[in-house]
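Thanks, everyone. I will take a few minutes on helix packing and then turn to the core. Here is the model.

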Amino acid sequence: MNGNDNRVGVYRLGSLGVLLALVALWWVASNAGWVSRVFLPTPQATFASLLEGLNLAGGDGNGELLAFTRATVGRMVEGWLLASLFGVLLGAAIGVSPQVRAWVQPTLEFIRPLPASALLPLAISIFGLNPGMVLFVVAFGAMWPVLLATVHGFAAVEPRLSEVARCLQMSRAAYIWKMGLPNAMPDILAGMRLALTIALIVAVVGEMIASQSGLGQAILLAARAFRASDLFAGIVLLGLIGFVSNALLAFAEQRLLRWQRP
């Protein structure tokens, strides 16, 4: 156990060292003039823009970046929750029946590779340029990892459990709730973690294309105005959002799957 803890500590120190090395390279490249500051601001300028945008500098920061962050995070979470709900429901309905899986699987494999951003023009023509359109595209794009993971989880349920359920004359709903979901939960949670990343990506792309308030729009406007420090501040924020959300979901996954530990 101590050996595992030591290895985890070494990996964490190594990952922190890589991050610090990248920041140091960024600092040298920007301060030494390797790349024009019009395109690559210094870490100091980026950090200052970040504090000002989040209204944390103690001065007269406008706090616009904080409002954009709230909009993007809200859109990401709402789309992810909808994707998780419909992905689990549809995945359970498909995965519980081998016949339905055989009929539907080719169609799922055909639709799955379609990038959600490619559906934005179609969604715009149907819903118009409004927040509901972006939310629909986010939910649609993030649903597929959850759906396919749920189908795989139900398909991998031990066949003897199905025989036991038939012997006990369990209803389909009871089988799904008491046997299917617990066995498919590791796959479902893994799909939900991937879906959260996709939800963030699609939300940002949707904000850029549909001109909706959020970090995507803020980054696009900063790029067009050649405000490099504001642009990089938005990118750093997106990275932090992705890192924190993934860490929180990983922690929840560990707590929910404690029963699997030997």
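Start with α8 and α10, whose axes come within 10 Å and cross at roughly 165°. That is over 145 degrees, so α8 runs roughly antiparallel to α10. Keep in mind that this is a predicted model. The crossing in which α8 passes α10 is right-handed.

Which residues meet there? From α8 we have L189, M192, R193, L196, L200 and V204. They face L238, I241, G242, S245, N246, L249, A250, E253 and L256 of α10. By class, this contact of α8 with α10 comprises ten nonpolar, three polar and two charged residues.

Now the other partner, α6. The axes of α6 and α8 come within 6 Å, with a crossing angle of roughly 155°. α6 is therefore roughly antiparallel to α8. Here too the handedness is assigned: α6 passes α8 in a right-handed crossing. The contact of α6 with α8 has 21 nonpolar residues, seven polar ones and one charged.

On to the core. The largest nonpolar core contains 56 residues. Those with the most contacts inside it are L65, W80, M133, V137, F154, M192 and L215. Elements giving two or more residues to this core are α3 (64-95), α5 (120-127), α6 (131-155), α8 (172-210), α9 (215-224) and α10 (228-256). Which of them gives the most? That is α8, with 16 residues.

Last, a closer look at M192. Setting aside neighbours within four places in sequence, M192 is in contact with W80, S84, V146 and L249. Of these, L249 belongs to the α10 side of the contact I began with.

How values were computed: Residues are numbered from 1 along each chain as its sequence is written. This is a predicted model: local features need pLDDT of at least 70, side-chain atom pairs count only at pLDDT 80 or more; totals for chains, interfaces and linings use all residues. Side-chain values use heavy atoms; hydrogens and water are left out. A nonpolar core is a set of buried Ala, Val, Leu, Ile, Met, Phe, Trp, Tyr and Cys residues joined through side-chain atoms within 4.5 Å. Buried means under 20% relative accessible area, exposed over 50%, partly exposed in between (1.4 Å probe, protein chains only). Helices (H or I, at least four residues) and strands (E, at least two) are DSSP runs, numbered from the N terminus. Contact means heavy atoms within 4.5 Å. Axes are lines fitted to C-alpha atoms, for helices over the stretch in contact, and angles run from 0 to 180 degrees between N-to-C directions. Angles under 35 degrees count as roughly parallel, over 145 as roughly antiparallel, 65 to 115 as roughly perpendicular and the rest as oblique. A crossing is left-handed if the near helix is turned anticlockwise from the far one by less than a right angle, and right-handed if clockwise. Ala, Val, Leu, Ile, Met, Phe, Trp, Tyr, Cys and Pro count as nonpolar, Asp, Glu, Lys and Arg as charged, and the others, Gly among them, as polar.
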